[in-house]
Amino acid sequence: MSPSRTRVALLGATGSIGTQTLDVLREAGDAFELVSIAGGQRLAELGAIAKEFNVRNVGVVSDRDAEELKRLTGSDVDIVVGAKGLSELATSGDVIVNAVVGFAGLPVTLSALAAGKRLALANKESLIAAAPLVQQVRDTPGASILPIDSEHCAIYQCLAGSTNVGHPDVRMIHLTASGGPFRGKTKEQLARVSKLEALQHPTWSMGPKITIDSSTLMNKGLEVLEASALFGIEAPRVDVVVHPQSIVHSMVEYVDGAVIAQLSLPDMRLPIAYCLGAPVRLDQGWGRMDFHASLRLDFEAPDREAFPALELAYEAARLGGAAPAWLSAANEIAVEAFLNDQISWSRIAEIVAAVLELYVACELSTMDELFDNDATARRLAHGMVTA
Ligand code: NDP
Ligand code: MG
């Protein structure tokens with residue numbers, strides 16, 4: 001192994017972000033070495049990745065999956081299991097890509113930071129649910145978070161000239177949203193939308209959970225909380241603006257009125273490559289802007305009445321403590337129920353709102369408190385799904 005190669009652990013390797021990270025690694029050739037991977041259900045794909053990249057350390061969900069993977073890959077692979085396995089793998093490279101979906105990504109975020117690694121973070125749910133606990137390990141020498149989420153990667157780049165703690169020179173962050181597949185629909189029309197329609201995102205091809213979150217605008221709500229936790233800027237200073245072309249990935253407005261934006265084609269391989277290479281920009285061909293062709297950039301306010309999920313995220317931010325963890329957990333249960341045809345699209349935000357109504361103020365300072373709050377919110381949401 002050449003010492004100059006950056007060693008990468010890719011957890012959630014079989015998903016949308018995972019496979020696009022593999023594209024970036026293929027394109028980068030010798031600059032990176034994939035040392036660890038983990039996945040969930042798609043064992044054949046996980047085995048194929050291990051073979052292609054000659055990966056030695058692989059994480060799976062259960063002992064049964066470990067046996068199946070051993071059969072698929074032969075014996076020269078070290079297999080670890082479950083959340084403990086994810087924690088181990090999250091300390092195994094120079095850059096840890098957290099591309100797991102949902103709360104299951106928590107061990108990756110916490111272990112990578114506690115081990116002083118660079119965390120290339122796609123898994124927003126772990127940061128949102130565990131923000132106070134993440135802050136505790138973020139100061140570990142060597143630790144850093146580079147956001148893969150395109151809006152946050154944009155903000156990270158737009159903040160490059162703002163070095164002050166708490167960013168007093170920043171007036172607002174303007175988080176852009178495509179508006180999702182249902183932009184322009186009324187509340188009445190939204191009451192009748194189907195799963196198939198909700199899964200058709202106009203500009204991004206993503207995993208099912210975030211695609212549904214984009215259709216409800218909960219994804220943007222989660223991103224407000226994500227931006228607040230990442231950059232230490234309180235939620236009311238994070239504004240959401242609908243920008244259907246998905247070219248401006250977000251903007252930072254400074255107190256002197258200057259607005260810095262980051263533009264590029266909507267392709268997640270760009271922010272992924274940024275997070276892997278930073279501070280060096282990788283010379284990769286994922287698409288260039290053509291300013292000589294006609295280019296239209298539209299901006300409009302989101303419809304907060306038709307898409308109540310957005311306001312729920314601001315409410316969770318106002319409540320503070322464990323409320324963001326409740327919001328995210330209830331949303332995971334509701335989205336899963338919608339994907340399993342148990343509830344209608346409109347019920348997703350209704351269930352999250354009803355769970356948040358039951359929230360009892362509680363600070364989060366230990367893992368036990370986090371798991372208790374997560375479990376309570378899930379139980380309440382489950383009850384509403386089956387009621
Ligand atoms: P996918 O559903 O496509 O992929 C999720 C990945 O997580 C898969 O590799 C899945 O494995 C794996 N996984 C699920 N549960 C576990 C578990 N318990 N242990 C280990 N691995 C597990 O999701 P996306 O790639 O779309 O999203 C991943 C994260 O990135 C989400 O938090 C999302 O919000 C965020 N994100 C995604 C964007 C996108 O463009 N897709 C954009 C911005 C953020 P398997 O498939 O084998 O079951
Ligand atoms: Mg995003």
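Where does Gln262 lie? Gln262 sits in strand 11 (residues 259-263); here helices (H or I, at least four residues) and strands (E, at least two) are DSSP runs, numbered from the N terminus.

This is a predicted model, so local features need pLDDT of at least 70 and side-chain atom pairs count only at pLDDT 80 or more, while totals for chains, interfaces and linings use all residues. Residues are numbered from 1 along each chain as its sequence is written, chains are lettered from A and ligands numbered from 1 in the order in which they are written, and side-chain values use heavy atoms, with hydrogens and water left out.

**Around Gln262**

Is Gln262 buried or exposed? Its relative accessibility is 16%, so Gln262 counts as buried. For these labels, buried means under 20% relative accessible area, exposed over 50%, and partly exposed in between (1.4 Å probe, protein chains only). Leaving aside residues up to four places away in sequence, Gln262 touches Ser150, Ala154, Gln157, Cys158, Ile247, Val248, His249 and Ser250. Contact here means heavy atoms within 4.5 Å.

**The magnesium site**

Three protein donors hold the magnesium ion (ligand 2): Asp149 (OD), Glu151 (OE) and Glu223 (OE), at 2.1 to 2.2 Å from it. Donors are N, O and S atoms within 2.8 Å of the metal (3.2 Å for Na, K and Ca), and water is not among the atoms, so sites may look incomplete. Along the chain, the donors are spaced as D-x1-E-x71-E. Asp149 is buried at 7% relative accessible area, and Glu151 is buried too, at 9%.

**Two helix pairs**

Two packed helices are described by the angle between their axes and the distance between the axes. Axes are lines fitted to C-alpha atoms, for helices over the stretch in contact, and angles run from 0 to 180 degrees between N-to-C directions.

| Pair | Angle | Axis distance |
|---|---|---|
| Helix 2 (43-53) and helix 3 (63-73) | about 45° | 9 Å |
| Helix 4 (82-89) and helix 5 (106-114) | about 35° | 8 Å |

Helix 2 and helix 3 are therefore oblique to each other; angles under 35 degrees count as roughly parallel, over 145 as roughly antiparallel, 65 to 115 as roughly perpendicular and the rest as oblique. Helix 2 brings Leu43, Ala44, Leu46, Gly47, Ala50 and Lys51 to the contact, and helix 3 brings Asp65, Glu68, Leu69, Leu72 and Thr73. Sorted by class, that contact has 6 nonpolar, 2 polar and 3 charged residues. In this scheme Ala, Val, Leu, Ile, Met, Phe, Trp, Tyr, Cys and Pro count as nonpolar, Asp, Glu, Lys and Arg as charged, and the others, Gly among them, as polar.

In the other pair, Ala83, Leu86 and Ser87 of helix 4 meet Pro107, Val108 and Ser111 of helix 5. This contact of helix 4 with helix 5 divides into 4 nonpolar, 2 polar and no charged residues.

Most residues other than glycine have a negative phi, and most peptide bonds are trans. Asn54 has a positive phi of about 55°; it lies in the loop between helix 2 and strand 3 (57-60) and is partly exposed at 49% relative accessible area. Leu217 also has a positive phi, about 70°. Leu217 is in the loop between helix 11 (208-216) and helix 12 (218-231), but is buried, with a relative accessible area of 5%. Then there's the cis peptide bond joining Ala278 and Pro279, with omega about 10°; Pro279 is in the loop between helix 13 (269-277) and helix 14.
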